[in-house]
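Biologist: I would like to learn how to read the contact between two chains in a model. Where do we start?

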Protein chains: 2
Amino acid sequence: MIIKLDHIAMAVKDLESALKPYTEALGLTVSKMEEIQGQQVRIAYLPIGDTEIELVEPTTDDSGVAKFLEKRGEGLHHICLEVDDLKATLTRLKAQGVRLIDEEPHDGGKGKRIAFVHPRSMNGVLIELTEG
Amino acid sequence: MIIKLDHIAMAVKDLESALKPYTEALGLTVSKMEEIQGQQVRIAYLPIGDTEIELVEPTTDDSGVAKFLEKRGEGLHHICLEVDDLKATLTRLKAQGVRLIDEEPHDGGKGKRIAFVHPRSMNGVLIELTEG
C-alpha cells in the first residue's frame, strides 16, 4: 500500500547555484544536505508539506544522474513513493509484469531501504519506492 | 509563501492505458477525470497523501503537452506548488528576475487560478503555481 509521496527529485549540474531559485525566489528552505557515495550524488532536501523536493547533483561523470544530465539536461528526474512493505510491493509488481530496476531493496538516502521501478513500465516516469 | 505540493503532472499519450500501472500495479485510485478545453488536455487525478499525481493526455496535436510528448516522450511534465497569494508571488518572482510564462493568473483545472514559471529559471523544471 502506498502511504505518501516521499519526494520529487530534480537532477541539477551544480547544487549551490540550483538552490538559489528554490530558496531565494520561491522561499523553500534546505533541511539537510548529504553525499550518498553508493549513488555518487550530493543531495539537498527541501521540505514542503508532508513531502519534499530533492535537488540531486552527480559527484562522478559516470553516475546515473550524470548520464541523465548529459542526455536530457537538468529537470525532473524521479518521484519516490513511500510504501508500507517494500519487499511485498516489489514481489507484487513483478508478478504483475512490471519491470523492476532493483528486484531487492538496497540502502538509499537518510538510512532508508529503497528500490527503483523501470520507467518503461510507468509511462516514462522513473519511480523509487521506499519503506517509511 | 508556499503551502504545499499541489500535484505532480505526467504527460501520457493515452490516459486509459497509462492509468493501468498506476492503479492496478501501484494501487492508486482515480478521484476524478476531466477535460480542460482551455489547455487542450484530459486529466486523471490520483490522490496520494496531501498531494496528487495527475496523468495528462493532450486532446489536440498542437497543445503544449502534445509538443512535449513529441519532443521528449512520456514522462514527468511539471510540478504544481500551492501558494497563499498567487498575484503577490508572481510580482515577487518577477522582481527577482525569474522568467514567467504567465505574468497574470488564469483559470486552471478544478476551478483554481494558476500561472506557470519558465523552466529556464528553475533548472529545467516547469513549475505551476496555484492559489488554494
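Predicted model: local features only at pLDDT ≥ 70, side-chain atom pairs only at ≥ 80, totals over all residues.

Modeller: Two copies of a chain are related by a rotation about an axis and a shift along it. Here a rotation of 180° with 0.0 Å of shift along its axis puts chain B onto chain A, with an RMSD of 0.0 Å. That is how a two-fold axis relates two copies.

Biologist: Which surface do the copies meet through?

Modeller: The copies meet through the same surface, because 100% of the interface residues of chain B are interface residues in chain A as well. In numbers, 38 residues of chain B contact 38 residues of chain A.

Biologist: How is the size of an interface given?

Modeller: Often as the accessible area that is lost when the parts come together. In this model, chains B and A bury about 3200 Å² between them, and 66% of that lies on carbon and sulfur atoms. On the chain B side, B:L26, B:L76 and B:N123 lose the most area to chain A, together 22% of what that side buries.

Biologist: Which elements of chain B touch chain A?

Modeller: Those giving two or more residues are the strands β1 (2-11), β4 (51-58), β5 (75-83) and β8 (127-131), with the helices α1 (15-25) and α3 (86-95). By class, this side of chain B has 23 nonpolar, nine polar and six charged residues.

Biologist: How many salt bridges and polar contacts cross the interface?

Modeller: The rule finds zero salt bridges between chain B and chain A. For polar contact, 11 residue pairs are found across the interface, both residues at pLDDT 80 or more.

Key
Residues numbered from 1 in each chain as written. Chains lettered and ligands numbered in written order. Heavy atoms only, no water. Contact = heavy atoms within 4.5 Å. Buried area = accessible area lost by both parts, 1.4 Å probe. Salt bridge = Lys/Arg side-chain N within 4 Å of Asp/Glu carboxyl O. Polar contact = N/O pair within 3.5 Å; in protein donor to acceptor, adjacent residues only side chain to side chain. Helix = DSSP H or I, 4+ residues; strand = E, 2+ residues; numbered from the N terminus. Nonpolar A, V, L, I, M, F, W, Y, C, P; charged D, E, K, R; others polar. Least-squares fit on C-alpha atoms with pLDDT ≥ 70 in both.
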